[in-house]
Structures are given as C-alpha cells and as structure tokens.
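User: I am new to reading protein models, and I would like to learn how to describe single residues and then whole elements. Could you take me through some features step by step?

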Amino acid sequence: MTTRPKAKKYRIRRTAAAVAPETEVEAPEQAAGAGQPDAPAESAGDAGPVQPAAPEGGADGIGSELDAIKREGLTGRQLRLARRLAQKHNLPATSDYDAVRLLRQKGIDPLQRSNMLDLVVPKPEQSETGKDEPQMRIQLPQTVVPGERSLPSTETMSPAQRRDREIGEIQRDIARRRRRKLMMLLTRLAAFVLLPTLLVGIYFYRIATPMYSSKSEFVILQADGGGGGIGGLFAGTQFATSQDSISVQSFLESKEAMLLLDRDAGFKAHFQQSWIDPIQRLVADATNEEAYKTYGRVVTIGYDPTEGVVRMEVAAADPDIATAFSQQLIAYAEDRVNDLSEKKREDQMRDARQSFEMAQQERRNAQQALVELQQQGAILDPEGVIAGLRARINQVELQLQEKELALAALLDNARPNQAKVDGARGDIQRLNDLLTTLNAQMVDASKGENSLASLSVRIQMAQADVLTRDLMLQSALEQMETTRMEANRQVRYLTVSVNPVPSQEPSYPRKFENTILAFLLFAGIYLMISLTASILREQVSS
C-alpha cells in the first residue's frame with residue numbers, strides 16, 4: 001500500500017502587472033486532466049497572475065523557437081513547472097512556452113527538475129450522480145490548440161514502478177561500467193603484458209639461434225705429504241685448496257681468459273658469424289668490452305666450497321666449438337695452477353736459501369778472523385805457551401827451594417865445605433836469575449794489547465764465534481731442507497673429473513621457461529605501475 005504524500009499548495013502573489021486583462025486562459029490539457037481532479041474553487045486565486053502574451057510572430061527568431069518548443073510535446077505539468085521557475089527567476093514570460101525559452105536561454109532546464117508532487121496520483125471526483133466527472137478549474141495559462149489531442153503524460157506510474165525502473169537503470173549502468181572497465185583492463189593487459197610476452201615467445205621459438213653447451217668439472221688437489229701444525233690438519237681437504245680454486249675461478253671469469261681464448265681459438269670470430277641472430281651476434285668491429293659481455297653470458301663457472309669442485313659450462317653455436325673452448329679454458333686453468341704453485345715454492349725456498357747463504361758467509365768470516373789472529377802472533381796456541389811458561393816457573397821455583405835447603409844444610413855444619421857452599425850459592429843465584437827471566441816473560445805475555453793473554457782471549461772469542469756460526473749454518477741448512485720438503489708438499493694439481501663432451505641437442509635458449517619468465521616479469525612491472533598510479537590518484541583526489 002502506497003501512502004500518497006501531501007504537498008503544500010504553490011501560491012503566487014499577485015503583482016501590479018496581474019491587473020491587466022488576461023489574454024490567454026485556457027482549460028487544462030485533456031491528457032493532463034484525464035487522471036487529475038479539478039482544482040477547488042479557492043485555488044483559482046492561486047494560479048498566479050496572467051500576463052498578456054506577446055505576439056509570437058513579432059520576431060522570426062522567437063517565433064521559430066516557440067514553434068520548436070511546441071513541437072516537443074510538453075505536458076501541462078511540465079509547462080506549469082516552467083512558468084513557476086520563470087516567476088522564481090523574475091523572467092518576463094508571456095506564456096508557458098516562452099518561459100521554457102527564457103529558462104533555456106538562461107541555462108536552466110526546467111524539464112530535469114523533480115518534484116514530490118509527481119508521486120501523487122489524483123483521483124477523479126464523483127458528482128452527485130455517482131459518476132466520475134471532471135471539474136473545470138482554472139490553472140496557469142497554457143497554450144493548447146483546441147481540438148488537438150494531447151500526448152499522454154509519462155508521470156502517471158506508481159512509486160514502486162519508478163523505483164524498480166531506477167534500480168534497473170542503476171544496475172544497467174553498473175553493468176555497463178563493469179564491462180567497460182573489464183574491457184579497458186583486458187586492453188591494458190594485452191598491450192603491456194600479453195603482447196610483449198608474445199614477442200618474446202616468437203623470438204625464443206622462431207628467431208633465437210640455438211646454443212650448445214659443454215659441461216666439465218675439475219678439482220684442484222694438493223700433493224701428498226704429512227705436515228705438522230695447523231697446516232697439517234687441513235691437508236688433503238677442500239679447505240687446503242679453496243683459495244687456489246677461487247683464484248682459478250676468478251681467472252677463468254676475467255677478461256684475460258677471454259683475450260687468451262680469442263687469441264688461440266677465435267672467440268670473437270665465432271660469435272660474429274652472420275647466421276647468428278642479431279641479439280646474440282657480435283658486430284664486426286666489436287670491442288673487447290662487448291666481447292667480454294658475450295663471454296660472461298656463454299661461460300658459466302661455479303665453485304662448490306663443500307666439495308671443492310669447480311664446474312664450468314661453455315655455450316657456443318656449434319657443439320664441437322663449445323667443446324674446444326672448454327678444453328682450452330681447462331688448459332689455461334692448469335697453467336695458472338702450476339704458476340701459483342711455482343710461485344709459492346719459489347717464495348718459500350728463496351727465503352730459506354737466503355738464510356742459508358747468509359749463515360755460510362758469517363761462518364766463513366768468523367773462521368777467517370780466527371786465522372788472522374793466529375797469524376798475527378805467529379803462535380798457533382797462546383794458551384799453550386802461557387801454560388808452558390807457568391810450568392817452567394813452577395819447576396824453577398821447586399829447584400830453587402831445593403838448592404836453598406841444601407845450602408842451609410851445608411851452613412848448619414860447624415866447618416862446612418866451602419866449595420859446596422859456593423856451588424850451592426851459585427846454583428841459587430842462577431835459579432833466581434832464570435826465575436826472574438821467566439816471570440818477565442810471563443808479565444810481557446799477560447800485559448799490553450799484543451800480549452799473549454790478550455791474543456789468547458781474542459782467539460777464544462774468535463773460536464766461540466766460529467762455533468756459533470757453525471750452529472747457525474747447521475740450523476739454516478736444516479731449515480732449508482724442511483722448506484724444500486714443505487714446498488714439495490705445496491704443489492697443486494688440477495685433475496679433470498668430467499671431461500667436456502659435444503652435445504647433440506641445443507641447451508639454450510630455454511624457450512618455455514624464458515617465455516614464462518618474461519610473462520611474470522611484464523606482469524610484475526604492470527602490477528607495480530598500476531598500484532603506484534592508483535595510490536597517487538587516491539592521494540591527489542583526497
């Protein structure tokens with residue numbers, strides 16, 4: 001059940017211009033009054049002032065506009081609404097059609113305004129006879145051609161029907177917007193994701209030159225031999241040769257290896273052939289940097305520190321050439337390993353050899369100093385000379401004591417033999433003279449810079465120096481021998497565990513994987529740009 005809203009009556013105050021005689025008062029249109037009750041008697045004064053209509057044929061332009069408006073088939077309700085809007089905006093309208101014209105000139109469309117009175121469906125009033133008879137009421141002036149049948153009003157539907165119609169229009173509009181947005185989304189996806197992916201797939205499946213890879217593996221080993229200390233703990237493991245393996249990997253990935261490969265195997269010439277696709281082909285006058293980029297793309301080297309294995313993969317347009325490239329690179333790696341081992345051995349042996357030669361020279365100098373000291377005094381053993389002098393002095397002193405005792409024994413007699421006494425005294429005198437001479441020699445040997453004592457001390461120091469140099473020479477010799485053994489254990493060997501073999505099927509490009517990767521890449525870029533654009537648009541709108 002629909003409750004009809006009650007709308008207030010629209011009243012227009014009469015002005016001084018309303019006193020003029022009414023020139024155009026017509027009955028309501030037949031179509032508009034068919035479903036509406038007659039206005040009450042008191043509403044006759046609410047119809048508003050009736051102004052005299054200006055002659056429509058006064059100006060050709062205005063007349064043609066009014067004729068066009070009349071041909072639109074406007075209803076009486078719409079014309080009354082136009083007259084009310086004209087009164088509200090103080091427009092000098094002479095008729096309903098003139099009000100529509102003036103409102104349109106001012107930029108106001110009177111036909112788009114909604115009114116709650118449109119929801120009212122009036123009932124026809126019954127006469128005293130019980131029949132529905134329309135009552136004559138005075139409305140706003142309308143221009144209706146007598147005898148012409150007016151079009152039926154479109155405002156006679158119920159609120160439920162209008163709501164259903166509006167909901168349907170909203171749903172259709174939403175569906176149209178969704179279809180339009182979906183089509184725009186599909187268009188963008190096709191332009192920015194599907195089309196680039198299709199081009200990439202066409203390149204990989206139709207244009208890209210197939211590349212054949214040759215895989216190989218090699219290990220850098222250390223020479224067998226025991227070693228003490230921390231170095232012996234890592235001997236025979238991958239940790240002992242990890243630095244050499246990393247050095248070889250860096251060498252094979254360097255520009256030096258590329259230049260050697262181009263010099264010996266023609267790396268640039270192979271990738272400059274005309275039948276290779278333009279993306280992978282090198283230009284005729286390619287620089288070393290451009291060739292090195294291609295080298296880094298076709299040569300892949302990896303080192304596994306857990307196993308100590310160096311894995312190498314070389315790709316080329318011909319399988320035999322790829323195998324030749326791989327073998328050449330392995331030869332370069334072996335030469336580099338030998339160079340590294342030789343340098344290590346030379347460094348270690350050089351220091352040990354220098355130490356040994358220095359010890360030899362010092363020992364030779366000490367021996368030469370000893371010989372010079374011995375030649376300087378013309379005595380090979382100064383200590384022996386001093387010991388002999390000391391022994392002679394002791395012997396002379398003993399003989400002197402004996403002679404003095406013998407003389408004392410002779411003198412103890414009452415009448416000693418004078419000849420024996422004189423002989424004993426002569427022997428004592430001679431022994432004293434000899435002792436004095438020997439003591440003088442001893443004093444001369446123990447005093448002064450050139451004395452036997454000083455010479456003996458210097459000879460002893462030279463002999464000690466010679467002994468010290470002998471020990472140092474022996475230690476240097478042992479160190480050199482130990483270093484030689486250690487250097488022999490530092491020798492590195494490159495052992496190829498997997499030899500390169502020509503492949504029968506191309507390994508690159510990986511068509512399906514690369515196409516899927518390109519699709520994911522383009523989709524990610526599109527998603528990132530879309531999110532960024534939506535965030536910026538939201539920030540700007542807010």
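User: Where does glutamine 273 lie?

Analyst: To place a residue, we look for the elements on either side of it, and in this predicted model glutamine 273 lies in the loop that runs between helix H9 (267-271) and helix H10 (288-298).

User: Is glutamine 273 buried, partly exposed or exposed?

Analyst: Here the relative accessible area decides, since buried means under 20% and exposed means over 50%, with partly exposed in between. Glutamine 273 has a relative accessibility of 26%, and therefore counts as partly exposed.

User: Which polar partners does the side chain of glutamine 273 have?

Analyst: A polar atom of this side chain lies 2.8 Å from the backbone oxygen of histidine 270, and a polar contact of 2.9 Å joins the side chains of glutamine 273 and tryptophan 275.

User: How should I read serine 216, and is it buried or exposed?

Analyst: Serine 216 belongs to strand E1 (residues 212-222), and because its relative accessible area is 2%, it is buried. Its side chain makes a polar contact of 3.3 Å with the side chain of serine 326. Leaving aside residues up to four places away in sequence, serine 216 touches several others, among them Val310, Met312, Ile330 and Pro500.

User: Which residues of helix H8 are buried, and on which side do they sit?

Analyst: In H8 (residues 255-265) they are Ala257, Met258, Leu260 and Leu261. These residues cover an arc of only 165° around the axis, so they are on the same side of H8. After H8 comes glycine 266, which has a positive phi, near 70°.

User: Which residues make the nonpolar surface patch, and which helices supply them?

Analyst: The patch, of about 590 Å², is made by Leu194, Tyr205, Phe512, Ile516, Phe519 and Leu520. Helix H5 (159-207) and helix H15 (511-541) each supply at least two of its residues, and the largest share, four residues, comes from H15. Tyrosine 205, which lies in helix H5, has a relative accessible area of 43% and is therefore partly exposed.

Definitions and conventions: Residues numbered from 1 in each chain as written. Predicted model: local features only at pLDDT ≥ 70, side-chain atom pairs only at ≥ 80, totals over all residues. Heavy atoms only, no water. Patch = residues over 30% accessible without salt bridge, like charges linked within 9 Å, V, L, I, M, F, W, Y side chains within 5 Å. Areas by Shrake-Rupley, 256 points an atom, 1.4 Å probe, with all protein chains shown as cover. Salt bridge = Lys/Arg side-chain N within 4 Å of Asp/Glu carboxyl O. Buried < 20%, exposed > 50% of the residue type's maximum accessible area, 1.4 Å probe, protein only. Arc of directions from axis to C-beta. Polar contact = N/O pair within 3.5 Å; in protein donor to acceptor, adjacent residues only side chain to side chain. Contact = heavy atoms within 4.5 Å.
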